[in-house]
Amino acid sequence: MNTIFRKSMLSVAGLAFAGGVFAGPIAAHANPVDAKPVAVAVQSAAPKPQGDQSHITLNDEQTANVKAIIAATKKAGLPERAAVISIATSLQESKLENLGHLGDKNDHDSLGLFQQRPTSGWGTPEQITDPAYSTTAFLKGLRQVDGWQDMALTDAAQTVQVSAYPDAYAQWEQQATDLVAQHWNS
């Protein structure tokens, strides 16, 4: 390091120290400032919905499933964003309907709200068709995704689901956000 530069830095540090020593006691006896709290606007860290948004009208069963997803998310100790991702995923996978075996229309052996597959290790058919269990299983997968809280919803959902249509989850983000806002505290 250059000697002149080093001496200059030491001089500046010495002045700062001396100023602190002398100003410290003086400042301690100064009149206190009448501080008042200042309101600060905080923006949500959640990304804005991507692309065109879809919306469906929910029946009582679908609304009950929204509430079950929210309850499981709270029980897991996860924030509202996890519920939004879960509900949007379920909207895409099953339209929030707890689907059983669909015969020829079935996608392999996919079942339940999240179209989870027993043969892929998600659980038994009975477990997968239990909304609390299937949500907990989905959330377990979500927790394993590094940075899921700051990811685009469709990226977080796709990392857990590994869908043939990875961008499809994005279309449900606004409705999922609205549903969580409506039911989180109910």
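What covers the buried residues of α6? In this predicted model, the cover includes α3 (80-94), α5 (131-143) and α7 (173-183). Helix α6 spans residues 153-161, and seven of its nine residues are buried, so the helix is largely enclosed by the rest of the structure. The buried positions are Leu153, Thr154, Ala156, Ala157, Gln158, Val160 and Gln161. After α6 comes Val162, which has a positive phi, near 55°.

Helix α7 also has a buried set, consisting of Glu173, Gln175, Ala176, Leu179, Val180 and His183. These residues cover an arc of only 165° around the axis, and therefore lie on the same side of α7. Ala181 and Gln182 are exposed and are carried on the face turned away from that buried side. The elements covering the buried residues of α7 include α2 (60-75), α3 and α6.

The largest nonpolar core contains 33 residues, of which Ile85, Ile87, Leu96, Phe138, Leu142 and Trp148 touch the most other members. At least two residues of this core are supplied by each of α2, α3, α5, α6 and α7. Helix α3 provides the largest share, with seven residues. The surroundings of Ile87 can be described individually. When its neighbours within four places in sequence are left aside, Ile87 is in contact with Val66, Ile69, Ile70, Leu96, Ala176, Leu179 and Val180. Among these partners, Ala176, Leu179 and Val180 belong to the buried residues of α7.

The packing of two helices is described by the angle between their axes and the distance between the axes. For α2 and α5, the axes come within 9 Å and cross at roughly 50°. Because of this angle, α2 is oblique to α5. The crossing of the pair is right-handed. On the α2 side, Asn65, Ala68, Ile69, Ala72 and Thr73 take part, and these meet Pro131, Ala132, Thr135, Thr136 and Leu139 of α5. Ile69 of α2, which takes part in this pairing with α5, is also one of the residues contacted by Ile87.

Trp122 is located in the loop between α3 and α4 (125-128). Not counting residues up to four places away in sequence, Trp122 touches Gln116, Arg117, Ile128, Tyr133, Ala137, Phe138, Val160 and Gln161. Two of these contacts, Val160 and Gln161, are buried residues of α6. Ala137 is 15 residues from Trp122 in sequence, and the C-alpha to C-alpha separation of the two is 6.9 Å.

Key
Residues numbered from 1 in each chain as written. Predicted model: local features only at pLDDT ≥ 70, side-chain atom pairs only at ≥ 80, totals over all residues. Heavy atoms only, no water. Buried < 20%, exposed > 50% of the residue type's maximum accessible area, 1.4 Å probe, protein only. Helix = DSSP H or I, 4+ residues; strand = E, 2+ residues; numbered from the N terminus. Contact = heavy atoms within 4.5 Å. Arc of directions from axis to C-beta. Core = buried A, V, L, I, M, F, W, Y, C linked by side-chain atoms within 4.5 Å. Axes fitted to C-alpha atoms, helices over the stretch in contact; angles between N-to-C directions. Parallel < 35°, antiparallel > 145°, perpendicular 65-115°, else oblique. Left-handed = near helix turned anticlockwise from the far one by under 90°.
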